[in-house]
Amino acid sequence: MRVKDEAEEEKMQILKEKLDDFMNKALVNYDLPGLAVGIRIGDSSKLGLDNSNDGNDGFVYHNAVGYQDLIDKKHLLPEHIFHMASITKLFVGTSILQLWERGLLSLDGRLVDYLPWFRMKDERYQEITIRQMLSHTAGLPDVKDYLWDKPETDEGALERYVRSPEVKEAYLLWAPTEGRFSYSNIGYEILGVVIATISGMPFEDYVRKYIFEPLGMKDSTLLSFERGIYEENGQDKNLCAPHEKDKEKRIVRSAHFPYNRAHGPSSTLTSNIGDLEKWGQAHLSQRVLKKETYDLAWEKQALVPNNGEFICLSWFRREQNGFVLYGHEGTDDGFRASFWLCPELQLSIAVCSNISGSPVKKINKQIFDLLTS
């Protein structure tokens, strides 16, 4: 057992104070209702940070500033729940890779081999593979309207959407064999139906049984309507309210909570920074997938235009300060989230805010700069 000396304790305290100061300034400078940050660094990380009592848990930082609901002046706490938007896609990708490990699908198998009923007006849809949808290289277009104002909550909503005219009448942007990146939420809705079809259970049930429960992610769900988001009374007291800015740049509540079960695989995760820490640590310790599967999951598939990043199998890959990070952003009406891992440093950073347009990725990068400077 390693015992920390006074110098190390002081170093940890200084870092926490720097992070606290950074968050308070970010809240004001970016004009946010609320901001939550969760950081975890392994005890053997080359950053040499450990604030645990026995020296075995590494550095942990959870903090929240601002308001859970700005209008009602309810203060934000680290345990409060955010809509995580497209971070949901990482759970889709992991589910697909779990099924691949079990020999239940091939990444280069054609979509129509798993969903024989699937149709698009563009006959090239028959070429689309599972790998191409995971890496946004299938040439699929994007969702036009999530219908947050007309949500569906029944089990059949997802497959109905994949069978809907928006998908059936669509044309591909280019041939899937071109391997070009174009972000498509439609592709992930389809993957959710693939998971449900192969596993024999609703997509949300699969993620709960094979990811949330084994990792102890008790504050996470894909069925956000069960948190009472459509009820005036009985709403989950830990759920953050979504916010946006009006024409005068004043912060107001969003008209709708961004949920529709028809778009579950692309965006409906609600969780908190504590559960995202569990998610991150499970991947850093390679407990969710096999080691060789991580090599596959984090392999570059295509260049993302304009920002120098690469798409892997659901994970985005970027470099910063000489280190490689893997993660995903989440953007929906009323919420923003940013989640990144750095395996080399055994580091995970989650940043969440309850307002449209919050620069959470910029904040995440600034925190990484602070930790590695």
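**Helices and an open sheet in a predicted model**

Helix 10 is followed by Gln286, whose phi is positive, near 55°. The structure is a predicted model, in which local features need pLDDT of at least 70, side-chain atom pairs count only at pLDDT 80 or more, and totals for chains, interfaces and linings use all residues. Residues are numbered from 1 along each chain as its sequence is written, and side-chain values use heavy atoms, with hydrogens and water left out. Helices (H or I, at least four residues) and strands (E, at least two) are DSSP runs, numbered from the N terminus.

Helix 10 itself covers residues 273-284. With 9 of its 12 residues buried, helix 10 is largely enclosed by the rest of the structure; buried means under 20% relative accessible area, exposed over 50%, and partly exposed in between (1.4 Å probe, protein chains only). Among the buried residues are Ile273, Leu276 and Trp279.

Helix 2 (residues 88-101) and helix 8 (residues 203-215) have axes that come within 11 Å and cross at roughly 75°. Helix 2 is therefore roughly perpendicular to helix 8, a label for angles of 65 to 115 degrees, while those under 35 count as roughly parallel, over 145 as roughly antiparallel and the rest as oblique. Axes are lines fitted to C-alpha atoms, for helices over the stretch in contact, and angles run from 0 to 180 degrees between N-to-C directions. Residues that meet here include Phe91 and Leu99 in helix 2 and Tyr206 and Phe212 in helix 8; contact means heavy atoms within 4.5 Å.

Turning to the sheet, 9 strands form an open arrangement in the order 3-2-1-13-12-11-10-9-8, with antiparallel pairing. Two strands pair if DSSP finds at least two bridges between them. At the edges lie strand 3 (74-75) and strand 8 (302-303), each pairing on one side only. Strand 8 is joined to strand 9 (residues 310-311) by 2 bridges, and Ala302 has Ile311 as its bridge partner.

Strand 11 (residues 323-332) has 8 of its 10 residues buried, so this strand is largely enclosed by the rest of the structure. On one side, 5 bridges join strand 11 to strand 10 (residues 316-320) in the antiparallel sense, and Glu319 is partnered with Val324. The hairpin of these strands has 2 residues between them, and Asn321 takes a positive phi near 55°. Strand 11 also pairs with strand 12 (residues 335-342), antiparallel over 7 bridges, with Gly327 opposite Trp340. In that hairpin, Gly334 takes a positive phi near 90°.

Definitions and conventions. The expected span of a helix is 1.5 Å times one less than its number of residues.
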